[in-house]
Amino acid sequence: MKNRVFYLLFLLLLPLGTLLAQSTGGSSNYFVYGILAIAVILFLGLIVQVSDNLLAIEAKRVGADKTGTNFSIFPRLNELLAPKAPAYTEGHTVIRTQRGFDIKLEGEAIKTIDSSVQANTFALQPRNFHGMSPIPKVEVEPRQQVKAGDVLFYDKRYPEIKYVAPVSGEIVAVNRAEKRAIKEVVILADKNMQYREVPAFNLDGSSREELVNFLAEYGAWPLLTQRPFDVVPGLKDVPRDIFISTFDSAPLAPDLNFVVEGRGNHFQKGLDVLSKLTPGRIYLGLDARGEKAPSTVFTKAEGVEQYWFNGKHPVGNVGIQIHHINPIRPQDKVWVLNVQDVITLGALFTERRFNAERVVVLTGAELKQPVYVRTYLGANIGELVKNNLKNDHVRLISGDVLSGKTKSEADFLNFHDDQITVIEEGDDYVLFGWLTPRLVPSVSPALPSFLFPNIQFKANTNTNGEERAFVVTGQYEAVLPMDIYPQHLFKAILANDFEKMEGLGIHELSEEDVALCEFVCTSKQPLQEILREGLDAVHAES
Amino acid sequence: MKQTILDLFKRLEPKKGTIAHTAYDAFFTFAFTPNEVTHNGVHVRDGMDLKRTMVQVVIAMQLCYIFGTYNIGHQHFVAIGQYTEFFAGFHLKLVYGFIQLLPIWVVTHAVGLGIEFFYAFKRKHAVEEGFLVSGALIPLIMPPDIPLWILTLSIAFAVIIGKEAFGGTGMNILNIALLARVFVFFAYPTYISGDEVWVSGIEKVNGQYISDTYGWAHHLFDWIFKGFGWTSFGEGGLAAIDGYSGATPLSLGAAGGWEAISSRYTPAEMWWGTIPGSIGETSKPFIILGALYLIFINIASWRVMVSMVLGLITMGLIFNAWGWSPFMEVPWYYHFYMGSFLFAMAFMATDPVTAASTTRGKWIYGFFIGVLGLVIRVINPAYPEGWMLAILFMNVFAPLIDHFVIQANIRRRLKRAKASV
C-alpha cells in the first residue's frame with residue numbers, strides 16, 4: 001500500500017521536474033505554479049483518501065462494518081439520494097436494501113378482527129415439517145377426545161419431540177395421502193377450549209437441557225425452525241443465534257404490529273425463553289419502512305439486539321435479515337421463529353398452557369371483505385372464507401402469493417402460516433398476450449405497469465408465458481438483496497454440484513427468499529422447487 | 001372475436017407428436033398466451049416472458065430496418081449518379097431497398113425457423129424464441145448484395161453447429177447472428193470484403209462499374225409508378241459515375257488514415273449513415289435510439305455497452321498517442337462514426353446468453369470487446385472490421401470471466417466460514 005503511494009507520488013512529480021527544467025527560460029511561470037498547486041491539492045487529497053481507506057479497513061477488521069454504518073468520511077451516494085429515514089429510527093442504524101420489488105395487489109385487509117368468522121375444524125399436518133418421515137407415529141384415534149396440548153403424533157426417529165393438538169375437541173379423521181403417508185390429523189374443536197395442564201417451569205433455576213426437554217414434551221419445540229434447510233432442530237442442536245423478523249413484507253401480508261396487540265407479555269416471555277437456548281444473541285429485525293413506528297412490543301423488547309430494515313420485499317424475510325446481520329456459514333445452525341410462534345412459546349410459561357391462538361389475515365381480490373380473524377393454528381380454510389368468496393373459480397393459498405401453498409376448501413392452514421390469499425385462477429387464453437400492453441404486475445418497463453407505481457393489481461395465476469431455458473441474466477440479482485449469484489446457484493443445483501452449491505451460499509437461502517426471483521423469471525423456471533431439491537440434497541449429504 | 005379465432009385454431013390442430021403439431025403449437029402460442037396456471041411455486045407470475053423479451057429487441061431494431069432499406073436504394077442510385085440528394089427519388093430508393101432486403105429476410109427466417117421447428121420436434125419441446133432476434137439481426141449485418149445461397153448456408157451453419165449442437169436457445173456459447181456472418185466472412189471472403197459488396201446492384205465488368213439491369217419486380221413497380229405519373233426505374237445497366245468506388249470508411253482508413261476517409265465522406269454523412277456498409281449498421285442515431293430503448297426497458301445490459309465504449313476510448317487514446325500508422329492517428333472519437341461499433345454494442349455484445357452473466361463480469365467483458373475490436377480494426381489489415389471477431393472471442397472467454405467472479409464470491413464466503421466468531 002505504502003509503496004504504491006510513493007510510486008504514485010513519483011509519477012506525479014516526474015512531469016513536474018521536466019516542466020521546471022523547461023521553464024527556466026524566464027518566461028511566465030504561472031503555468032508551473034498552477035501545476036504545482038494542483039499537485040499539492042492532489043497530494044492532500046491522496047492523504048485524505050488513504051486515511052479514509054485505513055478507517056474502512058480498521059472497521060472491517062473489528063467487524064463493525066457489518067452493521068451497515070458508513071465509516072467513511074465521505075457520504076455514500078445512496079445516503080445522499082435516499083429519502084430521509086423516518087423520525088423514530090433516529091439514533092439507530094437503518095439497513096437499507098436497494099434491491100427487491102413490492103407486488104401491489106388488490107384485497108388488503110382492514111385492520112379489524114371479524115369475530116363472526118370462526119373455524120370449527122383444525123388440523124396438524126406432518127408434511128409441514130421438512131425432513132419428517134412420511135408416516136409419523138400417530139398417538140390418537142378417530143372419535144378420541146383431546147385437549148389442546150395433547151400429543152397427536154411424533155417422528156419415530158425423534159420420539160422426544162412431540163407434535164401437539166392446537167385445540168381441544170374430538171379427532172374426526174386421520175387422513176392419509178399416497179403411499180399411506182399421513183396427510184393430516186383433523187380435530188373438531190370444542191366450544192370451550194380445554195387445555196392440557198403444563199407444570200410451572202423455573203426458567204432461571206433450570207439447566208438448558210431441562211428446558212429443552214420441557215419444550216419438547218409440551219409441544220413447543222416444533223415452533224422452532226432451523227436454518228439452513230428449514231427443519232425442526234434436533235434436541236442436541238445449539239443454535240449460533242436466533243433471528244426473528246417482526247414484519248412481513250410479502251404481498252398483502254398481515255401487519256404484525258396489529259397481530260401482536262394485547263399479547264406483548266407472551267412475546268417478551270418467549271424471547272426470554274429463547275435467550276436460554278442459545279449462547280449467541282437474539283436478533284430482532286424491525287420495520288423502518290412506514291411513517292409510523294412499529295409496535296412498542298417490538299421496539300421495547302428486552303434482551304435482544306435490534307436491527308432496523310428499510311427496503312422493498314423481501315426485506316422482511318428473516319433470511320435476508322440474517323444475511324445482513326451475520327450470515328449463515330455452512331457449519332452454522334441458526335433458529336428462526338415467526339412472531340406468533342414466539343407468542344405461543346411465551347404463553348406456555350405465562351399462561352401455563354399450549355395456547356396456539358393465531359390472528360390470521362384473509363386477503364386477496366376475490367374476497368368480498370378482506371379482514372383479520374382470530375382462530376387457532378391449522379384452521380380449516382373453507383370455513384374461514386365461507387360466504388366471503390366472490391366466485392368459486394379461485395385459488396386458495398395458505399400464505400402469500402409468492403411462497404404460499406395451494407389449498408382446497410377442505411384443506412387447512414399450514415403450521416407457520418398466518419395468511420390466506422384468494423386470487424383468480426388465470427386459466428384463460430390471451431390474444432397476443434406477449435405483445436399487447438397488459439396491466440399485470442411486472443418489474444419490467446416493457447409493460448405499461450411501471451407507469452402506475454401505485455396501482456393495485458387484480459393478479460391471476462396465469463403463467464404469462466411458457467417455461468424456457470435460462471436466457472436473461474442479472475434478473476434475479478436485481479430482486480435479491482444478498483451477495484449471492486442465484487442463477488449460478490440454480491445451475492449448480494441442477495448439475496448436482498455440491499461443492500459449488502455450498503460455495504455459492506445455498507445454506508443462506510430459503511424458498512421464500514428466492515420466491516421473488518421466481519416471480520420475475522422470464523423463463524418461468526420453478527426456482528423454489530429447484531432450491532428445495534438442492535437444500536434436501538445438501539441436507540441428506542451432511 | 002377471440003373465441004372465434006380460438007375455435008378456428010382448435011379445429012386446425014393436427015395430431016400430437018407430429019412435426020405439424022410442433023409448428024401448430026408455435027403459431028398457436030404466437031397468437032395466444034396459453035392458459036397455463038402456476039403450480040407448486042409462486043402463484044403470480046410477472047407479465048414478462050421470453051417472447052415479449054425477444055420481440056422488444058426486434059422492435060428496437062425497426063428504425064435500423066427502415067433506414068437500412070432506404071439506404072440500400074440510396075447507395076445504388078448515388079453510384080450511378082441519379083437522385084444524389086438523399087430524399088430525391090424517395091419511392092424508388094425505398095422500393096429498390098425493399099426488393100433487395102425482402103428475399104434476405106424471408107430466406108433467413110425460412111431457413112432458421114425451419115431448423116428450429118425441426119429440432120423442437122426432435123427434442124419434443126416447444127419452439128423457443130431465440131431465433132426471433134437472431135433472424136432479425138442477420139439481415140442487418142449482411143452486405144446488401146449477399147447471394148441467397150451463401151446466406152442459407154451460413155444460417156444453417158450458425159443454427160445447427162452454433163446453437164442446436166449445444167442444446168438450443170439459452171445454451172449456445174457463441175452469438176448466432178455473428179456466427180452466421182463469420183461463416184460468410186471466412187468461407188466466402190470475396191463476397192463480404194473488398195469494395196464491391198457494400199453497394200447493391202453494381203458489378204465490375206471489364207474494369208468498369210456497371211449497374212445491373214432491373215428485374216421483374218422492379219418492372220412491376222414501374223408499372224404502378226407510371227400509373228401515378230412518378231419517375232420509374234427504367235431498364236438499368238447504367239455506367240457508374242466517374243471515380244466510383246464502394247469503399248467503406250474503414251477500408252479507406254486502413255489505406256490512408258483520416259485524410260483518406262474525410263476526403264470521401266464527411267463526419268455528418270458517417271453519423272447519419274448515408275454511406276455504404278452492412279444493411280443496418282450505418283445509421284448511428286437510429287442505433288443509439290434502439291440502444292437507449294433496450295436500456296430503458298431493462299433488456300440489454302447498459303454495463304456491457306458503457307464498458308465497451310470505455311474500452312474503445314482507452315484503446316483509441318493509446319493508438320492516438322502511439323501513432324504508428326495513419327489509421328492509428330484517426331482521432332479516437334471518429335471511431336464511433338465509422339463501421340459497426342455502435343450496432344455491435346447495442347445488439348450483439350449485449351446478447352444475454354453469450355455475454356458474461358455476472359455484473360462484474362459484464363464490465364470486464366464489454367471493456368475487452370472495446371479494446372480488442374479496435375486493435376483488430378486498426379492493426380490487422382486483413383480484416384476490415386473488428387467487432388465481430390472481438391465479440392466472438394470474448395463470447396468464448398465470458399464463462400471464464402464469470403468463473404473468476406464467482407470464485408471470488410465463493411472465496412469471500414469461505415473466508416467468512418473460516419473466520420472465528
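User: How many bridges join strand 6 of chain A to strand 7 of chain A?

Analyst: Two strands pair if DSSP finds at least two bridges between them; strands are DSSP runs (E, at least two residues) and helices likewise (H or I, at least four), numbered from the N terminus. In this predicted model, local features need pLDDT of at least 70 and side-chain atom pairs pLDDT 80 or more, while totals for chains, interfaces and linings use all residues. Residues are numbered from 1 along each chain as its sequence is written, and chains are lettered from A and ligands numbered from 1 in the order written. Here 3 bridges join strand 6 (residues 151–154) to strand 7 of chain A, running antiparallel; A:Tyr154 has A:Lys162 as its bridge partner.

User: Which strands form the open sheet, and in what order?

Analyst: The order is 4-6-7 in chain A, with antiparallel pairing. Strand 4 (137–138) and strand 7 (162–164) are the edge strands, each pairing on one side only.

User: Where is a hairpin found in chain B?

Analyst: Strand 2 and strand 3 of chain B form one, with 2 residues between them. Within the turn, B:Asn206 has a positive phi of about 50°. These strands, residues 202–205 for strand 2, are antiparallel and joined by 4 bridges, and B:Val205 is partnered with B:Gln208.

User: What joins strand 20 of chain A to strand 1 of chain B?

Analyst: Strand 20 (residues 430–431) of chain A is joined to strand 1 of chain B by 2 bridges, in antiparallel fashion. The bridge partner of A:Leu431 is B:Phe32.
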